[in-house]
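Look at the sequence and the structure below before reading the points.

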Amino acid sequence: MKTIQHKFVEFIPNSPEQGILYISIEYRTAVHLCVCGCGNKVVTPISPTDWEIRFNGKTVSLYPSIGNWNFECKSHYFITRNEIFIARKWEDWEIEEGRVEDKNNKEKYFKKQNKRKKKD
């Protein structure tokens, strides 16, 4: 089983090390190198419409899965309690459906937020 270590940092290093998930709470971002070994930098924004970090005092999890659809490797995996779980590769049509769903979810979220602001 592959694992990844985590480091809470203020600033993400310019040259991240393989096997380390850098987490900047201040800048609401987590960064790591793709777990397939291709060397691509994976940036996961931490927000209600992107990724969520879960920290139990010892390990971290990122939710939802990480799908590197723009990379040649198209790797897909979960980071759960510092363990890497490789998921199946998605077909191109699944990637497109996922992108559309993400876009729709973001639009719904921000419409809901705007309605709340207007009530206040």
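In this predicted model, the side chains of E107 and K103 form a salt bridge, with 3.4 Å from N to O. Both residues belong to helix 1, which covers residues 92–119, and they lie four residues apart, so about one helical turn separates them.

**Exposure of the pair in helix 1**
- K103 has a relative accessible area of 51%, and because exposed means over 50%, K103 counts as exposed.
- E107 is partly exposed, at a relative accessible area of 38%.

**The pair R88 and E94**
- A salt bridge joins the side chains of R88 and E94, at 2.5 Å from N to O.
- R88 is exposed, with 51% relative accessibility.
- E94 has a relative accessibility of 14%, and because buried means under 20%, E94 counts as buried.

**The pair E52 and R54**
- The side chains of E52 and R54 also meet in a salt bridge, with an N to O distance of 2.7 Å.
- E52 is partly exposed, at 37% relative accessibility.
- R54 is partly exposed too, with a relative accessible area of 43%.

**The count**
- How many salt bridges does the rule give? The count comes to four, and among them are E107 with K103, R88 with E94, and E52 with R54.
- The rule asks for a side-chain nitrogen of Lys or Arg within 4 Å of a carboxyl oxygen of Asp or Glu, so the 3.4 Å between E107 and K103 meets the cut-off.

Key: Residues are numbered from 1 along each chain as its sequence is written. This is a predicted model: local features need pLDDT of at least 70, side-chain atom pairs count only at pLDDT 80 or more; totals for chains, interfaces and linings use all residues. Side-chain values use heavy atoms; hydrogens and water are left out. Buried means under 20% relative accessible area, exposed over 50%, partly exposed in between (1.4 Å probe, protein chains only). Helices (H or I, at least four residues) and strands (E, at least two) are DSSP runs, numbered from the N terminus.
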